[in-house]
Amino acid sequence: QVQLVESGGGLVRAGGSLRLSCVASGRAFSISAMGWYRQAPGKQRELVAHISSGSSTHYEDSVKGRFTISRDNDKNTVYLQMDSLRSEDTAVYSCAAGILRGGIHQPLFWGQGTQVTVSS
């Protein structure tokens, strides 16, 4: 079992930055592939980025060059640095611990989510 707690969301103007953090409990963090997902109102949840246990990363096309996912295994924490934010980035962001299968992130455990609102 892995418990995940996100923080760092908030209200920011377009063009601004936020850094989300997700702290995990349990020893499985270092071997887990971690993902950040988001769900905007009226839309399906989508993967934003994932990072493997070896720190290989993958990004959804709309955030490439603007968002950076990273992890600190000593702190059991995964981060999402979000720069050049746009109004369309407004969503609830959740982290998930899981596995990679064929390069696709499969989430097993979820955090409760943190709201990110970007004003134009």
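A residue counts as partly exposed when its relative accessible area lies between the limits for buried, under 20%, and exposed, over 50%. In this predicted model, Gln-106 has a relative accessible area of 30% and is therefore partly exposed.

**Surroundings of Gln-106**

Gln-106 sits in strand β10, which covers residues 104-110. Leaving aside residues up to four places away in sequence, Gln-106 touches Gly-98, Ile-99 and Arg-101. Ala-33 is 73 residues from Gln-106 along the chain, and the C-alpha atoms of the two are separated by 8.5 Å.

**The chain as a whole**

The chain has 11 strands and zero helices. Read from the N terminus, its elements run β-β-β-β-β-β-β-β-β-β-β. Its radius of gyration is 13 Å, close to the 14 Å given by the globule rule for 120 residues, so the chain is as compact as a globular protein of that length. The C-alpha trace spans about 40 × 25 × 25 Å along its principal axes.

Of the 120 residues, 42% count as buried. Among contacts in the chain with a separation of 6 or more, 54% are between residues 24 or more positions apart. The accessible surface comes to about 6400 Å², and carbon and sulfur atoms account for 47% of this surface.

**The disulfide**

How many disulfides does the chain have? The count comes to one. The disulfide joins Cys-22 to Cys-95, with an S to S distance of 1.9 Å. The link of Cys-22 and Cys-95 is right-handed, with 45 degrees about the S-S bond. Cys-22 belongs to strand β3 and Cys-95 to strand β9, so the pair ties together parts that are 73 residues apart in sequence.

Are the two cysteines buried or exposed? Cys-22 has a relative accessible area of 0% and is buried. Cys-95 also counts as buried, because its relative accessibility is 0%, where the limit for a buried residue is under 20%.

The table lists the relative accessible areas of the residues discussed here.

| Residue | Relative accessible area | Class |
|---|---|---|
| Cys-22 | 0% | buried |
| Cys-95 | 0% | buried |
| Gln-106 | 30% | partly exposed |

Technical notes:
Residues are numbered from 1 along each chain as its sequence is written. This is a predicted model: local features need pLDDT of at least 70, side-chain atom pairs count only at pLDDT 80 or more; totals for chains, interfaces and linings use all residues. Side-chain values use heavy atoms; hydrogens and water are left out. Helices (H or I, at least four residues) and strands (E, at least two) are DSSP runs, numbered from the N terminus. The radius of gyration is taken over C-alpha atoms; the globule rule is 2.2 Å times the number of residues to the power 0.38. Buried means under 20% relative accessible area, exposed over 50%, partly exposed in between (1.4 Å probe, protein chains only). Contact means heavy atoms within 4.5 Å. Accessible areas come from the Shrake-Rupley method with a 1.4 Å probe; for residues, only the protein chains shown count as cover. A disulfide is a pair of cysteine sulfur atoms within 2.5 Å.
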